[in-house]
Amino acid sequence: MSALNKKNSSNRSQTEPAFVRWLLIAIAMSFLTLFLALPLAAVFGQAFEKGLTVYLDAIREPDTLSSIKLTLITAAVTVPLNLFFGVTAAWAIAKFSFPGKNLLITLIDLPFSVSPVISGFIYVLIFGLQGWLGPWLQEHDIKIVFAVPGIILATLFVTFPFVARELIPLMEAQGKEEEEAALVLGATGLQTFFLVTLPNVKWGIIYGVILCNARAMGEFGAVSVVSGHIRGMTNTVPLHVEILYNEYNYSAAFAVASLLAFLALITLAVKSVAEWKVRQQFENN
Amino acid sequence: MSIEIQHINKQFGDFTALSDVSVTIPSGELVALLGPSGCGKTTLLRIIAGLETADNGRILFNGEDTTASHVRERRVGFVFQHYALFRHMTVFDNVAFGLNVRPKSTRPSKGEIREKVMKLLSLVQLDAMAGRYPSQLSGGQRQRIALARALAVEPQVLLLDEPFGALDAQVRAELRRWLRRLHDEIHVTSVFVTHDQEEALEVSDRIVVMNKGRIEQAGTPDQVYEHPANPFVINFLGNVNLFHGRLSQQDAEQHGPVEDAVSYVRSHDIEIDRKQQDSTSLRAEITNIQKLGPTVRVTLAIAGNSKCVEAELTRDLFQNLGLQSGEAVFVRPRQVRVFVEDYQI
């Protein structure tokens, strides 16, 4: 079938004339250059404008270092948690049928359909000083909003769908037969999960984790609402970039921004490898 | 290990998959569940395995109720229609899986597992493929690995869901014979699901014919073929011609005073002749001739009847008779089964 398709795509009788094809490709490429490649180049250009020493100084600055640390901590907490939630949710949805399954699928998608600012506000409403739990938290001296726990919670909410969304279609496509075979052969539920289910979706998980990580490190809106922008304490990298920019400290702003841009490039590379592997797992069905 | 299936009912929403199914599978036999798609045969097989739960009814293994026991504890071997081999494991690891997942106390040593797996692989004639992955095997090879994997846990019962369904005709026929031979060697009680009557007749010791969630007939291949219990069974097992008519005085005495009856004649039980033999010979005209390898199918229009009749004869006989399309001949049914109209499906 795929061999047939390949044949068809190069078949002259079924394709457009050469100039139409080239025109379409040229439009797509110039659009990409204009809106994606150029800004990316500009970030790096601005970052290194005043030389490598200025660039390194900007990154070595204590407030920047603390924002990098906070971003890394946030990602280190949220990604494993969402990996766990995502895998369990996807497993439940793809391999079992139970009442409320559709509701669960809708709930998983909720963070995608809600503006990040609103997700941040939800936490201020619940845990803030004027919020439902605010007075109780203050009594017990627990800080959530305008502190690290709030940032982690907001990020957790925003990045929740990535792993589950990636795994559900893959697991559904692979069906239940292999799991049933494992059960009949005497495997326990956990053995089935770790020996059969997990290896089959390995690359799907990596793909989901990469996207989840990129979003966790780059999230601005939700985190901005709950962070309080306390320099050196509750500033993540994206927030720090904004502060530097607002202070007209352009080269420092772009230097820090270039870190996020690097992250994006690495994500892109790992993502394309994972994507290719996931497609293989789909095709092996 | 005998299997007793007692009054099994299964409902999927509004759809009745099985309704009051009872049948006994004697120990050591190879039994075919035969029926059209959607008749509930796969559901019944999955209920026996424990992969599906019956709404009510019981399954007994050797007289013991298994209803409450988990799939894991039933010790069945199940061969899935699409094999369900673990795609990320080598052939060796696939076959060894059932042994490797046992708790430490009952797990054989690495060496014993290795020996057992290699023995099974040579039983299915695939010892050379131990290091390959399922995607590198042909359909027939995958099927045999699936069987070896099911046998590795020494099941009390072997269940096969459409075991040859996804294979091409030649591999199918080969594997069919091979399964029969294998069963003669190991004698484990086996049930396989099929919609192919030829497969059921060739391989099994006993056939259970199913339709719309019910059992129509159970018996040896000869019983089911020679003495079909009802029109569905005769229809499903081979090509038949229908003749509507009234019962003669003599038959009516047997069947009671029923006016309309349908008689069924298998295609190969229709004789074609140039001369009228007796009163059962009917005048007919040949409308079409199809040559199907060793047999020839002749379509005839009966004089004074709008329906066509199909006759199947051997190529030799066809050539001896020298039949031509459009020729006027006589047909005579050699063997007729009569079912009164009420029972017609």
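**Figure 1. Chain A of the predicted model, seen as a whole.** Of the 285 residues that make up chain A, 38% count as buried, and the coordinates shown here and in the views that follow belong to a predicted model. The secondary structure of chain A consists of 15 helices and zero strands. Taken along the principal axes, the C-alpha atoms of chain A fill a box of roughly 60 × 55 × 30 Å. When contacts in chain A with a separation of 6 or more are considered, residues 24 or more positions apart account for 73% of them. The accessible surface of chain A comes to about 15900 Å², and 70% of this surface belongs to carbon and sulfur atoms.

**Figure 2. A nonpolar patch on the surface of chain A, with A:Leu36 as one of its members.** The patch is formed by A:Trp22, A:Ile25, A:Met29, A:Phe31, A:Leu32, A:Leu34, A:Phe35, A:Leu36 and A:Leu38, which together have about 1000 Å² of accessible area. Within this group, A:Leu36 can be located in helix H2 of chain A, a helix that covers residues 18-47. A:Leu36 has a relative accessible area of 55%, and it is classed as exposed because this value lies over 50%.

**Figure 3. The interface between chain A and chain B.** The size of an interface is often given as the accessible area lost when the parts come together. For chain A and chain B the buried area is about 1900 Å², and carbon and sulfur atoms give 61% of it. Across the interface of chain A and chain B, six residue pairs are found in polar contact, with both residues of each pair at pLDDT 80 or more.

**Figure 4. A salt bridge that joins A:Glu178 to B:Arg87.** Two salt bridges are counted between chain A and chain B. In the view shown here, the side chains of A:Glu178 and B:Arg87 meet in a salt bridge, with a distance of 2.6 Å from N to O.

**Figure 5. Chain B of the predicted model, seen as a whole.** Chain B contains 10 helices and 18 strands, and buried residues make up 49% of its 345 residues. The box filled by the C-alpha atoms of chain B, taken along the principal axes, is roughly 80 × 45 × 35 Å. Among the contacts in chain B between residues at least 6 apart in sequence, 66% join residues at least 24 apart. Chain B exposes about 16800 Å², of which carbon and sulfur atoms supply 45%.

Figure 6. B:Thr66 is placed in the loop that runs between strand S5 (64-65) and strand S6 (76-79) of chain B. B:Thr66 counts as buried because its relative accessible area of 7% is under 20%. When its neighbours within four places in sequence are left aside, B:Thr66 is in contact with B:Ile59, B:Phe61 and B:Arg74. B:Arg75 also has its place in the loop between S5 and S6 of chain B, and B:Arg75 is partly exposed, with a relative accessible area of 42%. Although B:Arg75 is not a glycine, its phi is positive, at about 55°.

**Figure 7. B:Tyr83, a buried residue with a positive phi.** The residue B:Tyr83 lies in the loop between S6 and helix H2 (91-100) of chain B. Its phi is positive, at about 70°, although B:Tyr83 is not a glycine. With a relative accessible area of 8%, B:Tyr83 is buried.

**Figure 8. The surroundings of B:Glu162.** B:Glu162 is found in the loop between strand S7 (157-161) and helix H5 (169-186) of chain B. At 8% relative accessibility, B:Glu162 counts as buried. Not counting residues up to four places away in sequence, B:Glu162 touches B:Lys41, B:Gln81, B:Val193, B:Thr194 and B:His195. B:Arg283 is 121 residues from B:Glu162 in sequence, and the two are 43 Å apart in space, C-alpha to C-alpha.

Methods. Residues are numbered from 1 along each chain as its sequence is written. Chains are lettered from A and ligands numbered from 1 in the order in which they are written. Side-chain values use heavy atoms; hydrogens and water are left out. Patches are made of residues with over 30% relative accessible area and no salt bridge: like charges are joined within 9 Å, nonpolar side chains (Val, Leu, Ile, Met, Phe, Trp, Tyr) within 5 Å. Accessible areas come from the Shrake-Rupley method with a 1.4 Å probe; for residues, only the protein chains shown count as cover. A salt bridge is a side-chain nitrogen of Lys or Arg within 4 Å of a carboxyl oxygen of Asp or Glu. Helices (H or I, at least four residues) and strands (E, at least two) are DSSP runs, numbered from the N terminus. Buried means under 20% relative accessible area, exposed over 50%, partly exposed in between (1.4 Å probe, protein chains only). Buried area is the accessible area (1.4 Å probe) that two parts lose on being put together, summed over both. A polar contact is a pair of N or O atoms within 3.5 Å; within protein, one must be able to donate a hydrogen and the other to accept it, and residues adjacent in sequence count only if both atoms are side-chain atoms. Contact means heavy atoms within 4.5 Å.
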